[in-house]
Structures are given as structure tokens and as C-alpha cells.
Amino acid sequence: MCSSDLLLGLPFFIILTKEIAIMLTAVGDVMRRCYDKGWITTRDGNVSLRKKNSNFLYITPSGVRKNKIEVENIVKIKIENSQLVIPDGKTPSGELYMHWLLQSSDNTKTKSVLHVHATNIVAAMEADRKSTRLNSSHLGISYAVFCLKK
């Protein structure tokens with residue numbers, strides 16, 4: 001495998017290991033499955049993953065149809081000194097820092113986060129907002145977050 005330092009300027013998906021390429025392909029598959037099940041609309045939800053001991057976090061982009069995600073759409077973010085370095089011209093999910101917090105703890109085993117904005121839950125919440133029964137505890141049901149551990 002070539003050093004990534006020698007490949008600066010090339011699209012990151014050209015220098016992926018086979019294992020990472022398979023993991024990123026699975027991100028697109030998972031988002032399409034969520035869409036097919038009605039759990040998300042085309043612009044909802046996000047997925048991130050980080051391989052154990054890796055200096056990179058991969059996350060779905062903002063503004064891209066989630067049922068059409070391909071490997072080259074995934075945003076590769078470098079981790080330097082426990083800080084995220086977002087590449088110029090890339091727009092990761094607006095919920096990047098939630099994903100990072102779930103995966104960055106020294107004692108976490110979380111390596112992937114699937115965050116769906118389940119359409120039926122969001123619709124029920126919106127309907128409830130219009131009723132007099134709304135209270136702050138309802139805000140906690142608007143999202144489902146799945147942390148996959150390995």
C-alpha cells in the first residue's frame with residue numbers, strides 16, 4: 001500500500017484499504033435500507049464510522065440524498081490531537097460532533113453510529129407540538145440513535 005503522503009490531492013477513495021472500502025459501501029447500503037423501510041426520507045439521517053485505533057472518522061455528508069450515498073460521497077475527516085480536521089470543500093453531516101462525542105471517548109467501544117430521523121416519530125412529534133400535551137420530555141423521542149459496538 002502506498003503512503004497517503006504520496007497521494008495528496010487524489011480522491012480519498014482511491015487509497016482506501018479493501019476493509020475500509022467494504023465498510024463505506026455498507027454505509028450506503030444501510031442508508032438505502034433505512035429509506036426502503038420508511039425510517040428516513042431522502043435527506044434524513046446520518047451514519048459515521050471509525051475503525052479501531054484509526055486517525056480517521058468517516059461520516060455521511062450534508063445535502064446529499066441519503067438513498068443515493070456512494071463511497072465517494074462519504075466525508076473522510078482526519079483526527080489530529082483529538083480534534084477533527086474537516087477537509088476543504090467538504091460538508092459533513094450537521095450532527096458530526098454528536099457522532100464524534102459518541103466515538104471519541106477513551107473507554108467507548110462504539111465504532112459506528114446510525115442516526116435515523118424516523119419519519120413516523122418526527123410526524124408524531126410534530127402533531128403533538130400542535131396539541132396541548134407537549135412538554136419537554138417529548139423532545140427526546142425525535143431521534144433514534146444506534147451505536148454499533150465491536
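Guide: The expected span of a helix is 1.5 Å times one less than its number of residues. Helices (H or I, at least four residues) and strands (E, at least two) are DSSP runs, numbered from the N terminus. This is a predicted model, in which local features need pLDDT of at least 70 and side-chain atom pairs count only at pLDDT 80 or more, while totals for chains, interfaces and linings use all residues. Residues are numbered from 1 along each chain as its sequence is written, and side-chain values use heavy atoms, with hydrogens and water left out.

Visitor: How do you know that the span of α1 is close to the expected one?

Guide: From its first C-alpha to its last, α1, with 19 residues, reaches 27 Å, and the expected value at 1.5 Å a residue is 27 Å.

Visitor: What makes one face of α1 the buried one?

Guide: Buried means under 20% relative accessible area, exposed over 50%, and partly exposed in between (1.4 Å probe, protein chains only). Ile20, Leu24, Val27, Gly28, Met31 and Cys34 of α1 are buried. Seen down the helix axis, the buried residues of α1 fall within an arc of 130 degrees, so they line one face; the arc is that of the directions from the axis to the C-beta atoms. Lys18, Ile22, Arg33 and Asp36 are exposed on the other side of α1. The cover over the buried residues of α1 includes β1, β2 and β5.

Visitor: Why is a set of residues called a nonpolar core?

Guide: The name applies to buried Ala, Val, Leu, Ile, Met, Phe, Trp, Tyr and Cys residues joined through side-chain atoms within 4.5 Å. The largest such core has 14 residues, of which Leu24, Val27, Tyr58, Ile74 and Leu114 touch the most other members. At least two residues each come from α1 (18-36), β1 (46-49) and β5 (110-116), and α1 gives the largest share, five residues.

Visitor: What is Val27 in contact with, leaving aside its neighbours within four places in sequence?

Guide: Contact means heavy atoms within 4.5 Å. On that basis, Val27 is in contact with Val47, Leu49, Thr60, Ile69 and Ile74. A second, separate core has eight residues, including Ile59, Val75, Ile79 and Leu84.

Visitor: Why is Asn53 called exposed?

Guide: Asn53 has a relative accessible area of 72%, over the 50% limit, and is therefore exposed. Asn53 lies in the loop between β1 and β2 (56-59) and has a positive phi of about 60 degrees although it is not a glycine.

Visitor: How do you know that Ser82 is exposed?

Guide: The relative accessible area of Ser82 is 54%, again over 50%, so Ser82 counts as exposed. Ser82 is in the loop between β3 (75-80) and β4 (83-85).
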